[in-house]
Amino acid sequence: MGDVKTPSITEMRKRKFAHQIEVANEGGAVADSFFEKYSYNQSYEDVFQDAFNGNYLVDLIEAVWGAQPPYRLLDCGSANGLTLEQFDKLGVEAWGIENNAHIHSKTPEKWRERNLLGDVCKMPFEDEAFDFLYVTCLPHLSEEIIGQAIKELFRVCRVGVLLQGVTTDMTEEVIEDYELFKGLRTFWTCSEWSDAMVCAGFKLAVSDPVLLDEVWRIEQETDEDDWNWYPNKETMRYHFFSKPQIG
Ligand SMILES: C[S@@+](CC[C@H](N)C(=O)[O-])C[C@H]1O[C@@H](n2cnc3c(N)ncnc32)[C@H](O)[C@@H]1O
C-alpha cells in the first residue's frame, strides 16, 4: 500500500471552494472587483448594513476585557470607513487603515481624517495608540508578510485584538454562502492564526470556561442566519488576544 495522506481541512476546503479562489496578484492590495461583488454579487456598500454588526463587536469587547465605550479602536482593513460611523454611534472612537485605493477613495468626507490609506504592515501610528484592534485583513495578505503585519498589530495595540478574518475551518455553509474565499491569499485554520498571534507575543484572552460560554452566547444570539459561522464553541477561543501588560 502506498502512503495515502489524509488531506487537511484546509486542502479539502480549498478544493471544494476552488471556484471562489482567484489567482491573486503578487502582493499588494486586493483587486478592486472584490468590493463590487463582495457578497451575493452585490457591492460592499450594498451588503454593509447586513454584513457588519458593531453591537456584536462592542458586546464581545465588553465580555472579554470588561471595557465599555469610549475607547479607541482601529479597524485594520477598513475599506471605505463605513464601520467607523457604526462604531461612532456606539460611542467608540474608531480609526481605520485600508490599502486598496479604490475603496478607500469612497470614504465619506466626514471620516477621511480617521480612515487612512495605508498598509497594516507599516502603520503611521504611535506605539499602543489603540485600546483595541478589529482585524479582518490578515488572510488577504500573502503568507510571507503575515509575521510582519502581526508585529505591527502588536506595536499599535494597548489592550487586545478581535481577530475576525476568514479561516479555513469556518462552517462550510458560511464559506459557500458568503463566498468567503474570494480575495484570500493565506488559507489557515483558526488555530494556525492563533499560533501566529501567540508567536508574536499576544496571549489568548479567553481561557476561563465561563467567559467562553458568554462569548458563545453572544455569538449564538447575534447570529441571525440559519447556520453558525464558527463550527463550535471551542474555536471561539482563537479570536481574542490580549497584549501582556508590563509592570
Ligand atoms: C473583509 S474586508 C473587511 C472590511 C471592514 N473591516 C468590515 O468589517 O466591513 C477586509 C479589508 O482589508 C483590506 N486589506 C487587505 N490587505 C490590507 C493591508 N495590507 N493593509 C490594510 N488593509 C488591507 C481589504 O482591502 C479589505 O477592505
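I count a residue as partly exposed when its relative accessible area lies between the buried limit, under 20%, and the exposed limit, over 50%. With that in hand I opened this model, which is a predicted one.

**Entry 1: Arg217 and its partners**

I started with Arg217, whose relative accessible area is 36% and which is therefore partly exposed. Which side chains does Arg217 meet in a salt bridge? I found Glu214, at 2.8 Å from N to O, and Glu221, also listed at 2.8 Å from N to O.

I then looked up where these residues sit. Glu214 and Arg217 are both in helix H10, three residues apart, or about one turn of the helix. Arg217 and Glu221 are both in helix H10 too, and here the spacing is four residues, again about one turn.

Are the two glutamates buried or exposed? Glu214 has 28% relative accessible area, so I noted it as partly exposed. Glu221 comes out at 60%, and because that is over 50% I noted it as exposed.

While on this topic I also wrote down a network elsewhere in my notes: salt bridges with shared partners join Arg13, Lys16 and Glu172.

Next I checked Asp213 and Lys233, whose side chains form a salt bridge at 2.6 Å, N to O.

Asp213 has a relative accessible area of 40%, so it is partly exposed. Lys233, at 29%, is partly exposed too.

For the whole structure, my search gave 14 salt bridges. As a reminder to myself, side chains of opposite charge can pair when their charged atoms come close.

**Entry 2: the ligand**

Last, I turned to the ligand. Which residues come nearest to the ligand? Of the 21 around it, they are Tyr44, Gly77, Glu98, Asp119 and Tyr134. I sorted the shell by type and got eleven nonpolar, seven polar and three charged residues.

- Tyr44 has a side-chain N or O atom 2.5 Å from an oxygen atom of the ligand.
- Asp119 has a side-chain N or O atom 2.9 Å from a nitrogen atom of the ligand.
- Tyr134 has a side-chain N or O atom 2.5 Å from an oxygen atom of the ligand.

How much of the ligand's area does the protein bury? I get 94% of the 600 Å² that the ligand exposes when taken alone.

Terms used. Residues numbered from 1 in each chain as written. Predicted model: local features only at pLDDT ≥ 70, side-chain atom pairs only at ≥ 80, totals over all residues. Heavy atoms only, no water. Near = heavy atom within 4 Å. Polar contact = N/O pair within 3.5 Å; in protein donor to acceptor, adjacent residues only side chain to side chain. Areas by Shrake-Rupley, 256 points an atom, 1.4 Å probe, with all protein chains shown as cover. Nonpolar A, V, L, I, M, F, W, Y, C, P; charged D, E, K, R; others polar. Salt bridge = Lys/Arg side-chain N within 4 Å of Asp/Glu carboxyl O. Buried < 20%, exposed > 50% of the residue type's maximum accessible area, 1.4 Å probe, protein only. Helix = DSSP H or I, 4+ residues; strand = E, 2+ residues; numbered from the N terminus.
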